Amino acid sequence: MKIRIEKYNPKWIKEFKKLKNELSFILKFLNPKIEHIGSTSIQFLSAKPIIDIAIGVNKNSELDLTINPMIKNKFIYYEVYNKVMPKRRLFVGLKNKNNFRKFKGIYSNNEEIPHKAIHNFKMCHIHIWKFGTTEWKRHIAFRDYLKEHSKIKKEYEILKLRLSEKNWIDGNEYNMGKNDFIKKIESEAILWYDKLINTHS
């Protein structure tokens with residue numbers, strides 16, 4: 001499958017705000033922190049037109065409390081990835097919730113996710129972690145670092161555009177193509193972010 005990369009679109013911020021309001025209501029009993037992450041959160045950066053959202057809960061024991069409310073509100077739960085990242089819960093939101101019935105509410109155990117079928121219906125990926133963990137911080141640090149470093153942002157954009165010309169098994173394989181670059185920049189970003197936070201604390 002080809003990964004479609006689009007020029008930056010201000011509507012992504014509006015879509016995030018709408019999703020944030022919905023998710024804040026669904027999970028209000030957990031008082032979550034909700035952040036726009038990924039390339040759609042970075043002004044003027046080309047991106048896949050899929051909104052990435054980080055939700056932070058207060059305790060790891062609250063992660064599973066998110067599952068039923070999210071499925072009830074027609075977000076697809078990728079439970080199958082829990083074995084890779086046991087302290088994250090991953091959901092996919094669809095552009096039109098009426099299409100929810102075309103797919104399973106939960107993909108679990110060793111079930112194969114129909115990536116190609118779901119891809120064209122996707123609106124967002126929702127990653128739920130305990131707030132402040134390493135996974136939470138690295139995504140926020142990477143986002144903020146690219147916002148402040150235009151040269152690195154441009155390098156990342158060029159890489160994504162080059163990778164978008166290839167055929168991939170699924171989005172996971174495409175992400176692996178970016179992995180070396182992201183890991184290198186993340187190391188720099190976390191050091192920069194920690195220094196920034198310490199300066200303002």
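Which residue is the bridge partner of L90 in β5? It's H127. Keep in mind that what you're looking at is a predicted model.

That pair belongs to a bigger pattern. Strand β4, residues 89-94, runs antiparallel to β5, residues 122-130, and the two are joined over 6 bridges. Another spot to check is F91, which sits opposite I126 in β5.

Now look at β2. It pairs with β5 too, but in the parallel sense, over 7 bridges. Here H127 turns up again, this time with A54 standing opposite.

Zoom out and you get an open sheet of 5 strands, in the order β1-β2-β5-β4-β3, with mixed pairing. The edges are held by β1 (33-37) and β3 (76-77); each has a single partner strand, so one side of each has no neighbour in the sheet. Helix α4, residues 134-148, packs on this sheet and touches β1, β2 (51-57) and β5, its direction making about 45 degrees with that of β1. As for β5, 8 of its 9 residues are buried, so the rest of the structure largely encloses this strand.

One last stop: the loop between β1 and β2, where you'll find K48. Does K48 come out buried or exposed? Buried, and yet without a salt bridge. The nearest side chain of opposite charge is D52, 5.4 Å away, while the cut-off for a salt bridge is 4 Å. Leaving aside residues up to four places away in sequence, K48 touches I3, R4, I5, T40, Y174, N175 and K178.

How values were computed:
Residues are numbered from 1 along each chain as its sequence is written. This is a predicted model: local features need pLDDT of at least 70, side-chain atom pairs count only at pLDDT 80 or more; totals for chains, interfaces and linings use all residues. Side-chain values use heavy atoms; hydrogens and water are left out. Two strands pair if DSSP finds at least two bridges between them. Helices (H or I, at least four residues) and strands (E, at least two) are DSSP runs, numbered from the N terminus. Contact means heavy atoms within 4.5 Å. Axes are lines fitted to C-alpha atoms, for helices over the stretch in contact, and angles run from 0 to 180 degrees between N-to-C directions. Buried means under 20% relative accessible area, exposed over 50%, partly exposed in between (1.4 Å probe, protein chains only). Lys and Arg count as positive and Asp and Glu as negative; His and the chain ends are not counted.
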